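Open the model in your viewer and keep the selection panel at hand. The tour below goes stop by stop.

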Amino acid sequence: MNRLDAIRGATPGQDHNARSIAALAANPACDRRAILDAAAIDKPRLMRRLRFDDRWGQSPFAIQRNQQFTDLVKANGAAHLLRLLRTLLDLPIEEAGYVNLEDAGGNEGQVARHGHTRRIIRQTAEGRGRATILDRPLLRLDVAGAQVYLEPDVIAFQLGGRFHIVAIKSFAIVDDQADTPKVSAAAREAAVYVHALRALVGRDLVSHDVILVCPRDFTNEPTATTVDVRHQLVTLARQLSRLTRIEAILDRLPENLSLDLDALSPAQIEAAVAAIPARYAPQCLSACELSHLCRREAHDLGHLDALGRVVRDDLGGIESVQTALRVATPGEPVADDQAEIAERLRHVARLYDEAVA
Amino acid sequence: MSLLHSYVKVKAREQGRALPRATVRHVHLAEAPMVFVPLRLAGEAAAPLGAMVGTDPARPTLLVVPQPRNRDLRFQFLADLGAVLLPYIDRISRQVETVEARTPFERCLDAPQIVVPSPGGVEFAAKLGRSSRFRRTTGPYAVDPAVPMLGRWLTFLAEQSEFAGSSLMVAMTDLLTAHWVTGQSAAEDADLAALLGWIDPPEGLTGPEAAALADDPLTPPAGPDTHPEFDRQELQKAIEHYDATGSAAQVEEALHGQLRPTWDRVWQAIGLLSALKESPGATARWERDRVHVALHRAWIDGGGLPQGKRDSAVAAAKRLARLEAAQQSFEAARAFDDPLVMAEYRADGVAFAGEVVAVDLTRRIVPPGGKREVPRPLVTIETSDPVRLAKGKKVRSPSRPRQSATIADLTETTVTVQIDDGMGRGGQPAEGSVPAVGTVICYTELDPGESRRAPLPPREETPWTHGGPPPEYVPTDDDAAEPWS
């Protein structure tokens with residue numbers, strides 16, 4: 001991984017969290033994203049240096065609301081949560097041991113906290129100790145050779161059964177329905193925790209059903225439901241293994257590539273980013289900090305991908321705006337493999353001109 | 001979407017401006033549409049932050065919730081919103097005519113039309129409706145009587161907007177993308193400011209340049225979600241100021257700054273759309289909208305209950321069938337009204353057009369199941385369209401919408417159709433009832449008529465798959481007794 005460190009240079013790297021790890025799967029074909037993630041480049045900072053405005057913040061009201069709801073669910077030894085888990089997991093009443101793992105004997109360091117979490121989880125898994133709900137655990141995951149610490153909301157443990165990850169989210173479930181994008185984002189994030197916990201205690205002891213706790217209707221009353229994250233786990237595992245095979249991408253990059261954000265001028269940063277091929281698609285706009293940069297570049301080059309998946313699929317085999325319009329013009333020379341789409345495009349162009357006229 | 005649409009997108013990108021997708025307007029625009037631009041508090045399901053609402057572009061009514069976490073203030077907002085929307089709805093929906101038919105029915109002379117900036121606005125209106133239609137006006141947590149009434153109308157309007165072609169509650173970005181094609185992706189078209197940048201850029205700017213301005217942090221989003229940076233820099237301070245002093249002035253000023261640009265854009269877009277001539281289909285669909293409003297008006301006036309929280313299995317099946325029928329007849333009517341829309345279907349091979357090159361007027365056959373010979377003339381059309389219709393397919397022509405025909409034969413360049421009806425009662429087809437040689441004509445499998453579907457079983461014969469005969473809905477006090485945060 002020395003090559004990746006060299007690319008990052010002296011600038012401090014960006015810490016991963018469950019959300020950023022989940023985002024790795026957003027655009028698997030993009031070399032640029034893969035390299036920047038593997039080298040832990042601080043993407044928001046990169047964009048600020050190139051004078052793109054930062055649009056990735058969260059509203060203080062949303063943060064506040066989330067905190068408020070999480071506190072409510074965990075208040076009084078997670079009383080609300082226990083009640084919900086009893087119904088959902090058939091947790092017997094006597095099994096109500098709540099353990100806060102945040103306090104590792106006064107030691108606040110991440111290594112110590114993680115060690116503490118590991119001990120308690122192992123004990124619980126072996127049937128020693130009375131923990132049912134483990135609050136504020138600190139898990140660890142290996143991402144492209146770096147140790148990343150993760151803090152799931154809580155881990156619930158069902159006696160004689162398996163560990164369940166609990167995700168506490170403040171979006172509402174109204175009449176048993178919630179916003180799909182929000183649920184999928186929560187599922188992707190929870191899958192990261194499941195993956196990390198499985199690395200610790202083994203695959204069979206961690207359920208692929210995560211428990212999503214949300215406010216019900218327009219109230220503050222928590223309600224719980226299970227979400228199957230098997231699909232997200234498979235995607236995540238594939239992404240993580242791809243990051244360790246980053247060498248193949250590195251081999252295609254210029255020898256002395258550097259993205260040392262503190263040391264380089266904006267023009268140099270831009271040139272270095274441009275040297276790593278990207279695969280921009282409009283979906284990136286909601287998933288990647290770099291998207292506005294890549295979009296500008298893609299439009300400058302006339303990439304069809306930038307107009308959306310439908311256009312790219314409809315015009316299969318044609319890469320750019322210019323090529324598409326050229327082959328649509330009667331009399332222009334056309335490559336053999338584009339003959340069919342060219343004929344269709346010319347027909348369509350004629351139809352359009354007739355109808356508009 | 002079609003290949004034609006993709007091609008026009010590419011062309012628009014290259015030309016740097018939006019290109020027309022329709023030659024007529026496929027939506028009815030009311031004489032005085034009510035524009036409604038709502039904002040909500042981040043992180044909450046249905047906490048209104050403020051709204052700009054009204055029928056006069058120059059004089060919007062600004063409503064704000066100076067402390068959005070305060071339940072009483074939220075309901076005050078809904079009562080204020082009701083004070084604007086309900087008189088508008090009442091005034092229009094109380095003027096009713098009786099339509100003479102086999103079973104005469106009532107229809108409003110006009111109907112309310114609520115225009116929101118984006119589909120998010122419709123969703124938010126539905127959430128507001130859900131959160132207010134069960135509120136009680138007496139007892140603990142009593143609210144202003146306008147609140148549940150507003151909730152019922154918002155719910156009704158948001159539900160109607162799911163039906164293709166309904167114009168009662170419309171999202172402006174949907175209307176614009178139905179009439180223009182921009183050189184950006186569908187995800188970017190969802191932003192009203194960027195979309196309008198392509199369609200109607202300010203003097204001296206190209207489409208992409210104007211759309212880039214929409215990305216500027218100084219351009220407020222069209223809602224209902226606010227920009228996190230605005231929340232942090234302005235709104236939070238303004239709300240704190242209200243908490244400390246009781247003066248809503250700062251919140252009003254901040255929200256006015258966010259809402260006014262979107263308000264102006266919605267009116268700009270209404271202006272662009274009204275420049276297009278309304279299609280006959282849009283007028284017909286508006287008539288149906290007026291019937292639905294009259295029905296809902298009568299339901300409310302007759303003491304009907306608010307809409308339930310969830311559809312029963314039977315109601316859901318009925319609703320789904322109606323949604324499908326509306327979608328199908330809307331798509332077909334659009335194509336019949338507009339050659340540019342029909343061109344999308346021709347590009348995909350489900351419609352074709354060309355010149356009639358041969359007609360066999362004398363052909364007579366005994367139709368399947370019939371006894372007598374009847375005239376079934378054949379019309380052969382030469383076309384360069386990539387026809388994908390199979391032999392035996394029923395087709396219709398926009399120029400003869402009441403006459404049905406069947407594909408009888410296909411070659412590389414010609415299609416022969418058999419004319420099935422609309423030829424009079426004589427032994428020979430009536431004069432002009434069959435397309436003549438030299439006519440240019442278009443045929444398609446689309447059918448704008450309400451298609452016949454197998455009727456759903458009566459209520460008492462509801463099959464077990466749908467839960468058997470449903471019990472009557474009896475409202476309980478629980479519906480209104482939701483505890484509030």
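A crossing is left-handed if the near helix is turned anticlockwise from the far one by less than a right angle, and right-handed if clockwise. This is a predicted model, so local features need pLDDT of at least 70 and side-chain atom pairs count only at pLDDT 80 or more, while totals for chains, interfaces and linings use all residues. Residues are numbered from 1 along each chain as its sequence is written, and chains are lettered from A and ligands numbered from 1 in the order in which they are written.

**Stop 1: two helices in chain B**

Select residues 71-93 and 146-160 of chain B: helices α2 and α4. Helices (H or I, at least four residues) and strands (E, at least two) are DSSP runs, numbered from the N terminus. The two axes come within 8 Å and cross at roughly 60°. Axes are lines fitted to C-alpha atoms, for helices over the stretch in contact, and angles run from 0 to 180 degrees between N-to-C directions. α2(B) and α4(B) are therefore oblique to each other (under 35 degrees is roughly parallel, over 145 roughly antiparallel, 65 to 115 roughly perpendicular, the rest oblique). The crossing of α2(B) past α4(B) is left-handed.

Now show side chains. Among the contact residues are Phe75(B) and Leu86(B) of α2(B), and Met149(B) and Trp153(B) of α4(B). Contact means C-beta atoms, placed from the backbone, within 7 Å. The contact residues divide into 13 nonpolar, one polar and no charged. Here Ala, Val, Leu, Ile, Met, Phe, Trp, Tyr, Cys and Pro count as nonpolar, Asp, Glu, Lys and Arg as charged, and the others, Gly among them, as polar.

**Stop 2: the domains of chain B**

Colour 3-309 as domain 1 and 339-444 as domain 2; these bounds come from an automatic or database domain assignment. Their C-alpha centres lie 44 Å apart. Each domain of chain B gives seven residues to the contact.

**Stop 3: between the chains**

Show both chains. Chain B brings 43 residues to the contact and chain A brings 40. On the chain B side, α1(B) gives the most, with ten residues. That side has 22 nonpolar, seven polar and 14 charged residues.

**Stop 4: the sheet in chain A**

Six strands of chain A form an open, mixed sheet, in the order β1-β2-β5-β6-β7-β8. Strands pair if DSSP finds at least two bridges between them. At the edges are β1 (98-100) and β8 (222-228) of chain A. Select 209-215 of chain A, strand β7: seven bridges join it to β8(A), antiparallel. Pro215(A) has Pro222(A) as its bridge partner.

Notes:
Contact = placed C-beta atoms within 7 Å.
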